[in-house]
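Subject: Structure handover

Hello,

Please find the structure below, with notes on what turned up in it. Could you read the notes next to the coordinates and keep them with your copy?

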Amino acid sequence: MPSRFSRLDDAEALRRFVRDLREGIYVTDEAGRIVDGNPAFLAMLGVASLEDARKMKNTDFIGDASRHEAELLVLERDGAVRDVELEIRRRDGEIRTVIDTAYRCVDPETGEVYYQGILIDITDRKRLEERLLDQSLRDPLTGCWNRRYLTEFAARHADSGGTWGCIMVDIDHFKQYNDEFGHAAGDAILNRVARFLMRTTRAEESTVRMGGDEFLLLLDGVDAAATENTSQRLVFLANRELLVPFSLGWAAREDGESLEKTIARADHRLLRARGLTRSGERPKIFLAPRS
């Protein structure tokens, strides 16, 4: 005969099982106040004891209130929710990502509503996924975004109907410099230009290495005037810092066009800028005039 501790209907065995789980087990009342929780749940909240936890409501640690409200509506309708991803804020302010599965229960004697659930902490997995995604979208030499980022950017804005600006940057005479001084020197030039572009743009302005000596600045939520102003600012700063000479062309989204078409128009203006250089002169930063 199996031991009573190997049976799931044994109360002591279940208590040990819940206590030793790495997943957080919790019980809240209908108002969201914490009633009970195992040690893993308390650790997720960053509290020292169940008494501390009982002073809290779920709204004290769930980051997205609207998402939690939607979860409660599903609980009310279906009696259960499964595998809902939430962010929780620990007592020390750290944000953790968890998967929540919960059940709506009713005490048969009192009719009191309460909720039982389990939280699985996936913070480390999410951080690893984000690092891997970031690495797949980054140029290993310069740290700029790579061409794959364009697909992600376009998909993110596919249904937004928003605006964007594109600034194409091409280093002048790079092949000649690379051939004369070697690839290590050429790589140093690419990194210098990349650092300049990332340093002189805002956080919402993404720097993309398109390949070779070409870079693209993606300006989210801007119009033609703002894109042109950013282009002129780059030219001014680059000439003042005696940076490596480059040519520049810009375009802003028109009539809901695709990102690809906006980039193509910026590239066309870049080619016009390249045509303005004259052989025999010391290269400067060139910005094509308006079409």
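Disulfides come first: the count is 0, where a disulfide is a pair of cysteine sulfur atoms within 2.5 Å. The sulfur of C144 has its closest cysteine sulfur in C166, 15 Å away, so the two are too far apart for a bond. C166 is likewise in no disulfide. C144 counts as buried because its relative accessibility is 0%, and C166 is buried at 0% as well. Buried here stands for under 20% relative accessible area, exposed for over 50%, and partly exposed for what lies in between (1.4 Å probe, protein chains only).

On provenance, this is a predicted model, in which local features need pLDDT of at least 70 and side-chain atom pairs count only at pLDDT 80 or more, while totals for chains, interfaces and linings use all residues. Residues are numbered from 1 along each chain as its sequence is written, and side-chain values use heavy atoms, with hydrogens and water left out.

Next, the cores. A nonpolar core is a set of buried Ala, Val, Leu, Ile, Met, Phe, Trp, Tyr and Cys residues joined through side-chain atoms within 4.5 Å. The largest one has 24 residues, and I167, I171, F196, L197 and F215 touch the most other members. Two or more residues come from each of β6, α8, β8, α9 and β9; helices (H or I, at least four residues) and strands (E, at least two) are DSSP runs numbered from the N terminus. Helix α8 gives the largest share, 6 residues. A second, separate core of 22 residues includes A53, V81, V113 and Y115.

F196 contacts L234, L237, A238, E241, L243 and F246. E241 sits in the loop between α9 (224-240) and β9 (246-252) and is partly exposed at 32% relative accessibility. E241 in turn touches R192, F196 and R199.

R96 lies in strand β4 (residues 95-106) and is buried, with a relative accessible area of 14%. Its side chain makes polar contacts with those of E94 at 2.8 Å and D121 at 3.1 Å. A polar contact is a pair of N or O atoms within 3.5 Å; within protein, one must be able to donate a hydrogen and the other to accept it, and residues adjacent in sequence count only if both atoms are side-chain atoms. The contacts of R96 also include L86, I88, T123 and R127.

Two backbone points remain. Most residues other than glycine have a negative phi. D83, in strand β3 (residues 80-89), has a positive phi near 55° and is exposed at 59%. D255, in the loop between β9 and α10 (259-275), has a positive phi near 50° and is exposed at 83%.

Regards

Conventions: Contact means heavy atoms within 4.5 Å. Lists of a residue's contacts leave out its neighbours within four places in sequence.
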